Each structure stands twice: as C-alpha cells, then as structure tokens.
Amino acid sequence: MFKPKGPFCQSCGMPLSKDEKGGGSEADGTKSALYCSHCYANGKFTAPDMTADQMVQFVQTKLKEMHIPGVLAKRMAKDIPALKRWASQ
C-alpha cells in the first residue's frame with residue numbers, strides 16, 4: 001500500500017506535505033514543524049479540549065468522507081494516541 005512520506009502532524013497524523021497551508025503556525029507566525037494547520041494555529045491547538053480518542057474518531061470520520069473504507073480508516077488512525085501531542089498526556 002502507498003504510504004505518504006513524513007513528517008506527519010503530531011496531533012492528527014496527516015502528512016504535512018498534504019497540508020494546503022504547509023503546516024500550522026506558531027504565535028510569531030512561523031510554520032510549525034510538528035503540527036498541521038487544521039490542528040494548530042497561532043501557537044495554540046485549534047481544539048484544545050479534544051482527547052486522543054476523540055481525534056481518532058474525528059480522523060476516521062474524515063477518512064470515510066474521503067471514501068476510504070472503514071477498516072482502512074481505522075488502521076490509518078490507530079496510531080494517533082502515540083503521537084507527540086497525546087503521548088505526553
């Protein structure tokens with residue numbers, strides 16, 4: 001199976017190369033090297049109260065909307081809790 005090259009967002013797992021804005025932004029306006037623009041903007045998480053389990057569900061739903069089969073969507077989202085944002089909680 002084709003796997004996009006990293007780096008990956010350390011919140012949702014999206015390849016940063018697929019981010020239409022090129023990544024999230026820090027408070028000073030520089031690009032974040034860790035997070036995508038959907039998860040991180042202006043130095044803050046866009047959904048600060050979201051849990052890792054909620055992110056897994058959110059990503060699975062988005063993947064299904066992109067016509068990714070459910071089993072594959074689950075497999076693609078299973079490692080989200082191990083990403084930097086969630087591993088430190």
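Reader: Hi! Let's start with Leu83. Which residues does Leu83 touch, not counting those up to four places away in sequence?
Author: Hello! In this predicted model, Leu83 touches Cys9, Gln10, Ser11, Cys12 and Gly13, once residues up to four places away in sequence are set aside.

Reader: Nice. And how many residues apart in sequence are Leu83 and Ser11?
Author: Leu83 and Ser11 are 72 residues apart in sequence. In space, their C-alpha atoms are 6.2 Å apart.

Reader: Where is Leu83 found?
Author: Look in the loop between α2 and α3, where α3 covers 84-87.

Reader: Is Leu83 buried or exposed?
Author: Leu83 has a relative accessibility of 14%, so Leu83 counts as buried.

Reader: Thanks! Let me step back a bit. How many helices and strands are in the chain?
Author: The chain has three helices and two strands. Reading from the N terminus, the order is β-β-α-α-α. The radius of gyration is 13 Å, close to the 12 Å that the globule rule gives for 89 residues, so the chain is as compact as a globular protein of that length.

Reader: What does the C-alpha trace span along its principal axes?
Author: It spans about 40 × 25 × 20 Å.

Reader: And what share of the residues count as buried?
Author: Of the 89 residues, 31% count as buried.

Reader: Good to know. Changing topic: where is Ser37?
Author: Ser37 is in the segment before β1, which covers 40-41. At 15% relative accessibility, Ser37 counts as buried. Leaving aside neighbours within four places in sequence, the contacts of Ser37 are Asp19, Glu20, Lys21, Gly23, Gly24 and Thr46.

Reader: Now for backbone angles. What is the phi of Asn42?
Author: Asn42 has a positive phi of about 55°, although Asn42 is not a glycine. For background, most residues other than glycine have a negative phi.

Reader: Where is Asn42, then?
Author: Asn42 is in the loop between β1 and β2, with β2 at 44-45. The relative accessibility of Asn42 is 56%, so Asn42 counts as exposed.

Reader: And what about the phi of His67?
Author: His67, not a glycine either, has a positive phi of about 70°. His67 lies in the loop between α1 and α2.

Reader: Is His67 buried or exposed?
Author: At 74% relative accessibility, His67 counts as exposed.

Reader: One more topic, charges. How many positive and negative side chains does the chain have?
Author: There are 13 positive and 8 negative side chains. The centres of the two sets lie 7 Å apart.

Notes: Residues numbered from 1 in each chain as written. Predicted model: local features only at pLDDT ≥ 70, side-chain atom pairs only at ≥ 80, totals over all residues. Heavy atoms only, no water. Helix = DSSP H or I, 4+ residues; strand = E, 2+ residues; numbered from the N terminus. Rg over C-alpha atoms; globule rule 2.2 N^0.38 Å. Buried < 20%, exposed > 50% of the residue type's maximum accessible area, 1.4 Å probe, protein only. Lys, Arg positive; Asp, Glu negative; His and termini not counted. Charge placed at Lys NZ, Arg CZ, Asp CG, Glu CD. Contact = heavy atoms within 4.5 Å.
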